[in-house]
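Dear colleague,

Please find below the sequence and the structure that I am handing over to you. My notes on it follow, arranged by topic so that you can read them beside the model.

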Amino acid sequence: MSKPNETIIQQHRELVDQINEHNRRYHSEDRPSVTDAEYDLLFDRLLELEKNNPELKTANSPTQRVGSVPSKRFESVTHNVPMLSLQKVNNADDFEAFDKRVKDGLETEDDIEYVIEPKLDGLAVELVYENGSLVLASTRGDGTTGENITANIKTIHSVLLSLSEETATKYPNLEVRGEVYMQLSDFDSLNKRLVSEGIAPLANPRNGAAGSLRQLDSKITASRPLLFSAYGISRIDLPDLDTQSAVLELLKTNGFLVNEYTDVVKGVDAVKRKFARFKAIRSDLDYEIDGMVIKVNSFEQQRILGQIARAPRWAVAWKFAAELAETILEDVEFSVGRTGVVTPVAKLKPVKVAGVMVSNASLHNEDELRRLDLHIGDRVVIRRAGDVIPEVVEVVEIGEERGKLIELPSECPSCESEIIKPDGEAAYRCFNLSCPAQLEGRIYYFAAKSGFDIEGLGQKLTAQLIEQKLVNDPSDLFFLDEEKLLQLDLVAETKARNLLAQIERSRSASLPRILTALGITGVGETVARLLAENFSSMGNIRTANAEQFVAVNGIGPIIASNIEAYFLAETNSAMLDKMKAGGVKFLEYITSQTTGSLSGKTFVITGTLSKPRNHFKQLIESAGGKVSSAVSKSTDYLLAGTEAGSKLKKAQKLSISVIDEDSLSKLL
């Protein structure tokens with residue numbers, strides 16, 4: 001074979017640099033710059049290049065590594081057994097070729113017994129147990145060295161802090177491996193909460209899980225709805241454990257969450273049927289999967305087969321085709337949120353992506369606009385990130401007459417004030433607090449279900465109140481009367497009276513609701529409740545400082561500083577005084593009952609109910625109960641409405657009591 005020429009050497013060098021950069025962004029920064037499909041294409045090209053030119057392959061090639069260099073923000077951990085990556089196959093022919101290699105390696109013609117499981121799209125971690133106690137947790141890192149995330153992993157309720165006495169005695173040193181991930185419903189709820197708190201939403205569940213787990217402040221990790229699903233152990237030389245399925249049974253017996261669709265099958269045809277099944281149910285799952293993992297079940301056979309540089313020969317990932325679509329960028333608009341963030345939104349020729357018709361997609365910020373080099377009329381690839389948030393991935397075709405380059409405006413599209421990019425932030429903001437778009441967002445949020453809960457005050461009516469200058473800040477809502485409301489085109493007598501009745505009722509809103517409604521950056525329902533429980537009254541909160549706020553378990557230094565700054569601002573202080581003058585009672589908060597009818601009971605809510613979930617959440621908490629986002633062994637009741645999905649199935653599997661609204665009323 002002839003030596004590679006300079007062109008091939010240069011291609012190899014460029015591919016290595018590209019893939020290393022993508023690895024760094026994905027593994028070290030949780031900020032991927034390309035889709036999985038794009039990355040796989042680059043990696044396959046590198047594999048092919050090195051296959052045809054073996055002398056190009058070096059120990060530093062991405063093909064010989066698992067992940068990326070661990071972040072220096074965390075203490076390094078060396079894995080006792082490397083955490084390898086997996087080879088991948090993309091179709092049935094590829095899997096048949098893998099199965100043939102396995103049979104050849106084992107020198108057999110018999111069907112191979114495989115363990116199959118969904119390939120969760122999360123962050124791989126290792127948990128080390130000594131004498132039954134969790135002593136260390138780490139990320140995969142580069143496969144050999146990971147990051148110490150012990151403090152953060154302990155905040156995840158599905159992670160066991162200790163094993164059974166029997167397991168601890170039999171296996172005093174046990175290294176459990178699994179995936180940390182977010183359920184789609186929890187991811188959606190988290191993003192809504194982040195947006196309501198003035199924080200940028202997470203891009204997708206995988207990034208959300210990875211970023212949450214790699215926080216320097218474990219309080220932030222604790223506030224995120226993370227789950228841990230165990231899929232194996234690092235060693236295959238432990239007594240009485242001779243198969244992968246036996247390991248999974250041991251993990252389940254100890255209380256670990258093991259994916260419900262994990263199964264043992266025999267032969268190629270059975271694996272194909274399972275893959276077809278996973279494709280069929282993928283859209284019904286409450287978590288992201290990007291394929292199926294297939295492992296030889298027998299540990300003895302795994303030993304014989306061994307491994308290559310970065311992956312075992314006895315396992316493979318059969319990946320789904322990427323759920324992407326192409327369409328035309330027709331325009332870009334810029335929206336202004338209640339915190340002043342200016343966000344570009346792509347207006348698209350409607351196209352179906354993963355079964356949903358998409359006509360708008362997020363472009364996130366200016367950095368994303370520059371990366372994409374977007375022009376009107378470009379043909380673009382669209383992805384539903386996490387099958388939830390549509391986003392533009394790349395430009396695939398430039399038209400003959402390319403339209404204008406998309407530029408961020410220099411002025412706020414709502415009030416024409418200058419927009420500024422604060423240091424350390426990716427987004428531009430409008431800092432004019434009188435900006436109509438911001439004011440509309442603040443008032444709408446103020447009156448939302450989680451705040452003052454003023455039913456009937458929708459976005460159109462809010463916009464008209466601002467336009468007619470009847471409301472200049474949220475406190476003006478408490479000075480509206482029938483005469484003022486009847487000036488509006490959208491309001492007749494009945495609607496005016498109903499709205500005023502809602503405003504009157506809201507004057508008795510609880511302290512947590514008021515704190516949520518204020519829209520302090522970082523203060524959503526959870527932090528608002530913590531403030532109410534620890535300070536009891538609005539007066540105490542207004543006179544407290546950041547040091548006192550950060551002393552509350554669950555409130556970090558940044559949020560504490562935001563709270564202090566909010567109450568020190570004269571405009572906010574004046575608004576609170578005006579609210580009091582308008583009849584808001586600022587009732588003292590009485591800590592949730594600990595002796596109520598639901599004391600000590602944990603609930604999960606799912607499905608469509610007669611009222612918003614928040615209504616039932618408040619009923620349960622006011623009776624001393626606790627509401628969790630995920631079903632686990634510690635769940636006492638699942639409150640299920642119509643169209644309940646995976647949470648109902650899991651509750652039934654765990655024999656958890658499933659109740660309806662009438663049953664909840666009886667419990668109350």
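**Two loop residues with positive phi**

N131 is placed in the loop between β4 (123–130) and β5 (133–139). Please keep in mind throughout that this is a predicted model. Although N131 is not a glycine, its phi is positive, at about 50°. Is N131 buried or exposed? Its relative accessible area is 59%, so N131 is exposed.

E107 belongs to the loop between α3 (92–106) and β3 (113–120). E107 is not a glycine either, and its phi is positive, at about 55°. With a relative accessibility of 74%, E107 counts as exposed.

**Helix α13 and its surroundings**

Helix α13 covers residues 436–446, and its buried residues are Q438, L439, I443, Y445 and F446. Where do these buried residues fall when α13 is seen down its axis? They lie within an arc of 165°, and therefore they line one face of the helix.

Several elements pack against the buried residues of α13. Among them are the helices α6 (184–196), α17 (511–517) and α22 (570–581). The strands β12 (324–336) and β18 (428–430) pack there too, as does helix α14 (459–467).

The crossing in which α13 passes α14 is right-handed. On the α13 side, the contact is made by P436, L439, E440, I443 and Y444. On the α14 side, it is made by Q459, T462, A463 and I466.

The buried residues of α14 are L461, T462, Q464, L465 and I466. What covers them includes α13, α15 (482–485) and α16 (493–506). After α14 comes K469, which has a positive phi near 60°.

D473 is found in the loop between α14 and α15. With a relative accessible area of 21%, D473 is partly exposed. How far apart are D473 and E440 in space? Their C-alpha atoms are 9.1 Å apart, while 33 residues separate them in sequence. Leaving aside neighbours within four places in sequence, D473 is in contact with L439, I443, M575 and K578.

**Helices α21 and α22**

Helix α21 (residues 557–568) packs with α22 at an angle of about 70°, and the axes of the two helices are 5 Å apart. This angle makes α21 roughly perpendicular to α22. Which residues of α21 meet α22? Y566, F567 and L568 do so, and their partners in α22 are E570, N572, S573, M575 and L576.

**Cysteines**

A disulfide is a covalent bond between the sulfur atoms of two cysteines. How many disulfides does a search of the whole structure find? The search finds zero. C412 is in no disulfide, and the nearest cysteine sulfur, that of C415, is 3.7 Å away. C435 is likewise in no disulfide, and the nearest cysteine sulfur, that of C412, is 3.7 Å away. C412, at 2% relative accessibility, counts as buried. C435 is buried as well, with a relative accessible area of 0%.

**F299 in helix α11**

F299 is part of helix α11 (residues 299–305). Its relative accessible area is 3%, so F299 is buried. Which residues is F299 in contact with, leaving aside its neighbours within four places in sequence? They are I236, L241, D242, T243, Q244 and V247. F299 and I289 are 10 residues apart along the chain, and their C-alpha atoms are separated by 26 Å.

With kind regards

Conventions. Residues numbered from 1 in each chain as written. Predicted model: local features only at pLDDT ≥ 70, side-chain atom pairs only at ≥ 80, totals over all residues. Heavy atoms only, no water. Buried < 20%, exposed > 50% of the residue type's maximum accessible area, 1.4 Å probe, protein only. Helix = DSSP H or I, 4+ residues; strand = E, 2+ residues; numbered from the N terminus. Arc of directions from axis to C-beta. Contact = heavy atoms within 4.5 Å. Disulfide = S-S within 2.5 Å. Left-handed = near helix turned anticlockwise from the far one by under 90°. Axes fitted to C-alpha atoms, helices over the stretch in contact; angles between N-to-C directions. Parallel < 35°, antiparallel > 145°, perpendicular 65-115°, else oblique.
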